[in-house]
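Visitor: I am new to this structure. Please take me through one part of it closely, then show me what lies around it.

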Amino acid sequence: MTPLAQTPQWQALAAHRDALAGKHLNEFFAADAQRFARLSLRCGELLADFSKQRLTAETLGLLVRLAEARDLAGFLRRMTDGEAINATENRAALHIALRAERPYRAAGKGVLPEVIATRSRMRELAGAIRSGEWRGSGGAPINAVVNLGIGGSDLGPRMAAQALGEYADPKLTVRFVANIDPAEFADTVRDLDPARTLFIVSSKTFTTQETLANARAARAWLGDADPARHFLAVSNNVAAAQAFGIPAENCLAMPEWVGGRFSMWSAIGLPLACSIGMDAFEELLAGAREMDEHFLSAPYAGNLPVVMALVGLWNIDFLGAESLAVIPYAHRLGLLPAYLQQLEMESNGKRVTLGNEDVGCATAPILWGMAGSVGQHAFHQLFYQGTRLTPIDFVVPVGDAGPEQEALVANALAQSAAVMKGKTLEEAKAQLIVAGKTEAEAARLAPHLACPGNQPSTTLLMPRLAPRTLGSLIALYEHKVVVQGCLWGVNSFDQWGVEHGKQMARELLPKMLTGEGEFDASTAGLLAAIRAWLKA
C-alpha cells in the first residue's frame, strides 16, 4: 500500500492546510452564520460540536476522501466479520460483540452464546453479592468488593464505577487496586473487614506481576479465610487460578478476541456490575450498542466517531498538535483522561505499519487532562497564552437545574469560547482603561492580558451522566481510535512496547540485589546506589 503521506489525498490535504494558513477561527465564524449547524453531529443523547476546530466543510470533505482511499469500509467489514485484524497476535478485535444483540463470529465460530452466558453469570454473581446472599467463610455477608487488576483490567471499570457513583449501592463498597506498590493495597483495605471482603482477581493470563502480587497480599490479609468465599477471578487461566485457591466455578472467562483496553464490557466489568447493578450495566451496554450501530451505518460525513477521528488526524498530522487535552466538566468523570490515555496511546502509539514500514507521520497524541473547573486554576493558562497548539475535548454533562451545576456548565462553555476567540491587544488595553488604568499603564500591561485564541476544541454535550450516555461516550472514543489506527496503518490492538518493558523488569528484578549481569552505565550506577541504601 502507498505510504499514507505519499497519497494524493494526503497531498490535497497538505495544500488545503497551506491555503487556510493564517486564518483565525473568528474569521470562520464571521464568514458562516450556519457553522455550528454544519459542523455538529448527534448520536442518541450525545451532541458533538466540531465548529470550534480549525477546519471547514471542505476540510472534512478532503478527510473523508482520505478515509475512503484507505479503505476504511473494508477494514470495518473485516473487523465485524471477526477476521484477525490484530495481525501480530493473530486475533480478532471484536469488542463490539460484547454489547451486541446480533450474532458475530470469530475464527469461524459464533460468539453470541458465550457473551450471553458470561453476562448471565455476571448477573448471578453481582446479584448474590449485592443482596447479601454471598457470604464470607465466617458466614457474614459481603459488604466490600476489591478489584485487583491493572491496565485494561482496572482503568475501565474503575473509571466507570466513579462516573456512575450516583447509581452505586450504598450498602456495598467497591474499590480498585492496581499498583504493585503495597501502599495502594494497604490504603484500600485499611477500613475494611476481612470477614466481609471479596476480591476479584482480574488477569486474562493470571500471570500479571502486579496483579498477582496484590492477590498474594489479599490472601495474607484474609488470614485463614476460605479463598473460595473471598475470591473470584476473571481469567482464561483457570488452572493457575485453581492453584492459587480459587475454584473453577468462581472463574469467569474473558474472550481471546478482546484486548484488555477494550474489555470493560466483558466480565472485566464485574466490579462495576456489583456497584451499579446488572440492569444499569446493561444500560451501559445499550448506550455503547447505539453508538456501534451509528458508527457501522452512518455515512462518513455524518458519522460521529469517524468525524472525530478525522478531526484528530487533521490536528496531529496537518496542524502539528502533539497533545490532546480531555477536560470533563463533571467531578465523577475525573478518571476519564486516565482511561483514555491507555485507550489512545497504547493503541496508536506506534511507528511501524502492519506492512512493516515506517508510518511516515505522527500518530497518537499525548493525552492528558483533569476535571473542570479545577483545571482552570492549574493549566488553562497554557491554553490562553502558551506557545503550543493544544486541541481540547470538553466533555459536558448538563445535569439537573441548580446554581452550582449551571455555573459548572457555564464555565465549560465559556472556556471553549474564550480559548477560541482570544483577546486582542486593543481589547486588553480598553479593558484596563475601563478598570481605571492610565493610557500609558494600559499600553504597558495590555500585552500581558492579550490572548491569541484560535485554540481548536470539540465540545461533547449530553443531558446527564448516566449509564447509557457513558456507554455511548466510551464507544465513541473506542471507534475514534480504531479509525485512526486504520488510517495510519498501525495495529491498534497490540502493545509490544509494553511487553518489552515488562520483559526488562523481569530480567532486572532477580539481579537487583546481587549486582550480577551486564547493564548500561546509568542502570548499573542506580542499582549500586539502591544496594547501598538497602544494606544500610
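Which residues are buried in helix α8 (residues 182–189)?

Guide: A word first: this is a predicted model. In helix α8, the buried residues are Phe-185, Thr-188 and Val-189. They sit on the same side of α8, because they cover an arc of only 85° around the axis. An α-helix has 3.6 residues a turn, so residues three or four places apart point the same way.

What does that side of the helix meet?

Now for a sheet. Six strands make up an open sheet with mixed pairing. Their order is β1-β2-β13-β12-β10-β11. At the edges stand β1 (40–43) and β11, each of which pairs on one side only. From one strand to the next, the twist averages 15°.

Strand β2 (residues 46–49) and strand β13 (residues 457–462) run antiparallel, joined by three bridges. Ala-48 stands opposite Leu-460, which belongs to β13. Helix α14 (residues 304–317) packs on the sheet. It touches β1, β2, β12 (392–397) and β13, and its direction makes about 140° with that of β1. Another helix, α17 (residues 403–421), lies across β12 and β13. Helix α17 runs at about 160° to β12.

Next, the charged side chains. Side chains of opposite charge can pair when their charged atoms come close. Across the whole structure, a search finds 27 salt bridges. One of them joins Asp-494 to Lys-350, with the closest N and O atoms 2.9 Å apart. This pair links distant parts of the chain, 144 residues apart. Asp-494 is in the loop between α20 (467–488) and α21 (496–508). Lys-350 is in the loop between α15 (336–348) and β11 (366–368). Both partners are out of the way. Asp-494 is buried, because its relative accessible area is 5%, under the 20% limit. Lys-350 is buried too, with a relative accessible area of 18%.

A second salt bridge ties two helices together. The side chains of Lys-429 and Glu-439 meet at 2.7 Å, N to O. Lys-429 is in helix α18 (residues 425–434), and Glu-439 is in helix α19 (residues 439–449), 10 residues apart. Lys-429 is partly exposed, at 26% relative accessible area.

Glu-441 and Arg-444 both lie in α19, three residues apart, about one turn of the helix. Their side chains meet at 2.8 Å, N to O. Glu-441 is partly exposed, with a relative accessible area of 27%. Elsewhere, salt bridges that share partners join Glu-89, Arg-91, Lys-204 and Glu-256 into one network.

Last come the cysteines. A disulfide is a covalent bond between the sulfur atoms of two cysteines. The count here is zero disulfides. Cys-251 is in none, and the nearest cysteine sulfur, that of Cys-274, is 15 Å away. That is too far for a bond, because a disulfide needs the sulfur atoms within 2.5 Å. Cys-251 counts as buried, at 14% relative accessibility. Cys-274 counts as buried as well, at 0%.

Conventions
Residues numbered from 1 in each chain as written. Predicted model: local features only at pLDDT ≥ 70, side-chain atom pairs only at ≥ 80, totals over all residues. Heavy atoms only, no water. Salt bridge = Lys/Arg side-chain N within 4 Å of Asp/Glu carboxyl O. Helix = DSSP H or I, 4+ residues; strand = E, 2+ residues; numbered from the N terminus. Buried < 20%, exposed > 50% of the residue type's maximum accessible area, 1.4 Å probe, protein only. Arc of directions from axis to C-beta. Pairing = 2+ DSSP bridges. Axes fitted to C-alpha atoms, helices over the stretch in contact; angles between N-to-C directions. Contact = heavy atoms within 4.5 Å.
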